[in-house]
Amino acid sequence: METTTVSPTLPTAPVRPLAAVRRYAGQWGLIAALAALPVYYGIHDLVYGYQAGYVAGQAVIHHDLSNLGYNFAQGLSNGAIWALIAIGYTLVYGIIELINFAHGDVFMIGSFTAVGLWGVFGLSPGMGAAALTGGLLLTLIITMIVTGSLNVLIERVAYRPLRNAPKLAALITAVGFSFILQNVGLLWRGGSPQSVPDLIGVQQTVFTIAGVAIQRGYILVFVVMIPLVFALSWFINTTRAGRAMRATAQDPEAARLMGINVNATISLTFLLGGMLAGAAGLVYALYETNVWYFQGFKAGLFAFTAAVMGGIGNVRGAVLGGLIIGVIQALADSRMGPQWTEAVVFGYLIVIMVLRPRGLLGEETREAG
Amino acid sequence: MSGFLERLRERRAAAVKRLPRWWNRALAGALIVVGIVLPFFFPPDSGFMNGTIIAVTYAVMSLGLNVVVGFAGLLDLGYVAFYALGAYSLGWFGSGFFFNLRVHVLVSPVASTLQGIHLNFVLILIGAAAICAAAGMLIGLPTLRLRSDYIAIVTLAFGEIIATVAVNGQSVPVGGGMTLTAGNLGISAVDAPYFPGTGSFSLLNLRPWYWLILGILLLVLFVNLRLRDSRLGRAWVALREDEVAAVSMGIPLVKTKLLAYSVGAVFGGMAGAFFGTYYTEVNASQFAFGFSIFILAMVVIGGLGSIWGALVGGLALGYINNYLIPDVLNDLPSKFGLHFQLTQVEFGIFGFLLVIMMLLRPQGLIPERRRRLEMTAGIAAEDAQLAEAPTGEVTVILPPGEGAA
């Protein structure tokens, strides 16, 4: 009998040439997009030079990277403020998967509270260093308590009743609260940006590295941000309440079964986020020396972009994203003009969403597992 | 209280049953006739007519956003982009803004002597619709695989980018010494609509404007009603309720979502073009984020997914915004000794309305049938049945003919 052996053919996966491209784009696309701006302007400075000033009526053209370095120094210190706000977004998103739209406006209220408290304490630029530092520390603490409580209050009123409703519902109340807070700010300090006293002399140069002047403001921002971020990660990683936060973020039902008070834990998360926003508000008022009722809108969107860029739910990611957004902002501000900055940052937001929605360091949410 | 409401609801159900079958059509016809003759009861240049025209235009936008947010469940926070694109279509193709060109198609004798591009208003409407449909698809593409709240942020970013470009368009050259937009100075002296054989469109006589936008509203309303019950409309609702289930039943995800964005955008663009000619100016300062929220508030207050809700929400907020707050209630805070005017905090008021609405009546003023059943009658009754079944008497309903066994 004639036997034919039919070799079993395995089903082959369809050849998809685009898949490889897509994988590489997902992995490196965002990093390439982020590197594009500094690399382009760095080469531009080296090749064509930049105007460093005037000597005897003649423009002095330099061919080095210290202008770019200046952009980075300024950008990183802007970014540290965005990072503080972004942590609030990322904590809240991690635990209840809600974009807390009102967060940027909580930050604005923080700025206003801080400036109001300066007036109450009578802080002025001419004071002694010790009194000024003490006054600012007291302002910082009170501002953080105020904004933290405000954030907890918003959660209690606007988000908790909707916890089991569709996601859209809580998002809409968040937008509503954002507008309410903005109008509170509008009535509090009027409709146009107000300048506030420059208490610490933010633009004084402290020292110079490689031609880049490091100003007091830059140092101030990091002096406030770094301890707060370390305190926060200590809290989340080692304390009992921090463990409850992480457990609730992973699985609220299971956390409840293990005896965790989920509502209290969510309130605590909002408290921490609001406190960091308040600190950012104080630093912003000191650093920019002006406050505006609309500042929270832009800040909120920049910070949210930062949180998504780092990977939402991820605190380290929020800090990294904040610093990167700050640098992008500084580059756009100084090279293209501040009127284009928002468009550039939002363009990056869309690029992130297309190329790598899980962010640079990976998101830590329930959906991501 | 709830007993009273229950009785009221029963009465209503009984009354609806007794009505003849042509009742709905007759009611709709009567409303349309009232809408058409309404301007004869008011002076042609009154503030009320102005408020009505603006409210009707808002209703058109609200119906458009309802397609995206209500039907398809895609939260769009950048709807102002389509207002901007529609208005700029008018600014570009219906004024002397591109002063180096001379294009005239079916325009009034006066406009046909002027520099710039001058197209008939109907052509501009079609152009605005086409531009917005394309832009809607463009913004739809990056959001396809994202979750719902990321969609909100991406659309918001898109709206802000369009607004930024509109403000800074003065410094974007398009050749021949012309720029992309006129920024905050505004493109002014835009053409009024012109139709041979009808009265002229001037700001002293608002009636023709009213009939024009009423016609647009009726068209949009008709398209909306037909879409809702079509295959596409059901596909949108299915995607909104459960994306995975819908796709596995064979609904094309990409096409359906992109169509939702573009249909919504088309309506927004038409309303935007009308606003452009009605305000006689296309100014970049009109296109702020707050406007997107304003339109969203109309849809939410009316009832997400409900066509009549979106219509009523748009008209109501339009009147509140353009008549009630500025003309009637503006001095209210000063009567309480507060030093501000109500117009300053109008967005705060809308934000407050959004919060209150979501907390107290999330289904809106006129809820969509499906949602109302979900939220009240259907689910509650079902739950009650499930809870009561074991304790009460078990009744088995058998098909006729098998009961004898």
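1. The expected span of a helix is 1.5 Å times one less than its number of residues. Helix 14 of chain B (residues 346–360) has 15 residues and runs 21 Å from its first C-alpha to its last, close to the 21 Å expected at 1.5 Å a residue. Helices here are DSSP runs of H or I with at least four residues, strands are runs of E with at least two, and both are numbered from the N terminus.

2. Ground rules. This is a predicted model, in which local features need pLDDT of at least 70 and side-chain atom pairs count only at pLDDT 80 or more, while totals for chains, interfaces and linings use all residues. Residues are numbered from 1 along each chain as its sequence is written, and chains are lettered from A and ligands numbered from 1 in the order in which they are written.

3. Confidence in chain A. pLDDT is the predictor's confidence in each residue, on a scale from 0 to 100. Chain A has a mean of 88, with 95% of its residues at 70 or more.

4. Chain A comes to 12 helices and 6 strands, and its C-alpha atoms fill a box of roughly 110 × 60 × 35 Å along the principal axes. For chain B the tally is 16 helices and 7 strands, with a C-alpha trace spanning about 90 × 50 × 50 Å. Take a residue as buried if 20 or more other C-beta atoms lie within 10 Å of its own, exposed if 12 or fewer, and partly exposed in between, with C-beta atoms placed from the backbone. Of the 369 residues of chain A, 46% are buried; of the 405 in chain B, 44% are.

5. Contact range. Two residues are in contact if their C-beta atoms, placed from the backbone, lie within 7 Å. Among chain A contacts with a separation of 6 or more, 75% involve residues 24 or more positions apart. In chain B, 76% of contacts between residues at least 6 apart join residues at least 24 apart.

6. Where A meets B. The contact takes 33 residues from chain A and 32 residues from chain B. On the chain A side, helix 5 (167–189) and helix 12 (341–355) are the elements that give two or more residues, and helix 5 of chain A has the largest share, 16 residues. That side has 24 nonpolar, 7 polar and 2 charged residues. The classes: Ala, Val, Leu, Ile, Met, Phe, Trp, Tyr, Cys and Pro are nonpolar, Asp, Glu, Lys and Arg charged, and the others, Gly among them, polar.

7. Back to helix 14 of chain B. Its buried residues include F347(B), F350(B), L354(B) and M358(B). The cover over the buried residues of this helix includes helix 4 (129–159) and helix 5 of chain A, plus helix 11 (289–302) of chain B. F347(B) counts as buried because it has 23 C-beta neighbours inside 10 Å. Leaving aside neighbours within four places in sequence, F347(B) is in contact with F179(A), N183(A) and G290(B). Its C-alpha is 7.5 Å from that of F294(B), 53 residues away along the chain.

8. The core. A nonpolar core is a set of buried Ala, Val, Leu, Ile, Met, Phe, Trp, Tyr and Cys residues joined through C-beta atoms within 7 Å. The largest has 227 residues, and those with the most contacts inside it include A83(A), A279(A), V60(B) and M270(B). Helix 9 of chain A gives the largest share of this core, 16 residues. Beyond four places in sequence, A279(A) is in contact with L84(A), L140(A), M144(A), V224(A) and L228(A).

9. A sheet in chain B. Strands pair if DSSP finds at least two bridges between them. The 3 strands of this open sheet run in the order 1-3-2, with mixed pairing. Strand 1 (94–95) and strand 2 (102–105) of chain B are at the edges with a single partner strand each, so one side of each has no neighbour in the sheet. Strands 1 and 3 (residues 116–119) of chain B pair antiparallel over 2 bridges, whereas strands 2 and 3 of chain B are parallel over 4 bridges. H118(B) is the bridge partner of G94(B) and also of H104(B).
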